[in-house]
Amino acid sequence: MSAEKNRDLFQAQTGITEAQARKFGLAAGEVYADAYGESVESNLATAKLGLQYGFLDPGATQRDAEHVISTIKGISTLAETEASETSRAIGGLINSGLVENFDEAADVLAALGVLLAALAGHVAG
């Protein structure tokens, strides 16, 4: 699918403006260029999750969108999960009150992923 069609679909699915969709499309492309995500389209899907879970708002900057997309994609790679599962876990940590915001929740999940990987290596070794 072309970049413009992806962006139009993203705009329709999220109800944001054309300018906001363009900004999120640029963010998805930049994150993909930095080797996060399987495609620009999958990164837009992750941005949509960020909007749905409230990690991003339509007025977020491109840099904020890049941060949320790359963080979710990075944790998903580490934990071998889908972006939707990672987003649900981040949202759950925030909603439970265990953490105050997206970055704190991401830090907890990243640390947990590293710990579990180390334990798996210790058990296997």
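A: Let's start with G59, which counts as exposed because its relative accessibility is 54% (exposed means over 50% relative accessible area, buried under 20%, and partly exposed in between, with a 1.4 Å probe and protein chains only). A word on what you're looking at: this is a predicted model, where local features need pLDDT of at least 70 and side-chain atom pairs count only at pLDDT 80 or more, while totals for chains, interfaces and linings use all residues. Residues are numbered from 1 along each chain as its sequence is written, and side-chain values use heavy atoms, with hydrogens and water left out.

So where is G59? You'll find G59 in the loop between α3 (40-53) and α4 (62-79). The helices here are DSSP runs of H or I with at least four residues, strands are runs of E with at least two, and both are numbered from the N terminus. Leaving aside residues up to four places away in sequence, G59 touches Q20 and K23 (a contact means heavy atoms within 4.5 Å). K23 is 36 residues from G59 in sequence, yet their C-alpha atoms are 9.5 Å apart in space.

Next up is helix α2, residues 18-33, whose axis comes within 8 Å of the α3 axis and crosses it at roughly 125°. Axes are lines fitted to C-alpha atoms, for helices over the stretch in contact, and angles run from 0 to 180 degrees between N-to-C directions. That angle makes α2 oblique to α3; under 35 degrees would be roughly parallel, over 145 roughly antiparallel, 65 to 115 roughly perpendicular, and the rest is oblique. The crossing of α2 past α3 is right-handed, meaning the near helix is turned clockwise from the far one by less than a right angle, with anticlockwise being left-handed. On the α2 side, F24, G25, A28, G29, V31 and Y32 meet V40, N43, L44, A47 and L51 of α3. Sorted by class, that contact has 8 nonpolar, 3 polar and no charged residues. (Ala, Val, Leu, Ile, Met, Phe, Trp, Tyr, Cys and Pro count as nonpolar, Asp, Glu, Lys and Arg as charged, and the others, Gly among them, as polar.)

Helix α2 also packs against α1 (residues 3-14), at an angle of about 120° and with the axes 9 Å apart. These two are therefore oblique to each other, and α1 passes α2 in a right-handed crossing. R7, F10 and Q11 of α1 make the contact with E18, A21, R22 and F24 of α2. That one has 3 nonpolar, 1 polar and 3 charged residues.

Two other loops are worth a peek. Most residues other than glycine have a negative phi. A35, in the loop between α2 and α3, has a positive phi near 75°, and its relative accessible area of 66% makes it exposed. E80, in the loop between α4 and α5 (83-96), isn't a glycine either and has a positive phi of about 55°; E80 is exposed too, at 73%.

Finally, zoom out. The chain has 6 helices and 0 strands, and 34% of its 125 residues count as buried. Its C-alpha atoms fill a box of roughly 50 × 30 × 20 Å along the principal axes.
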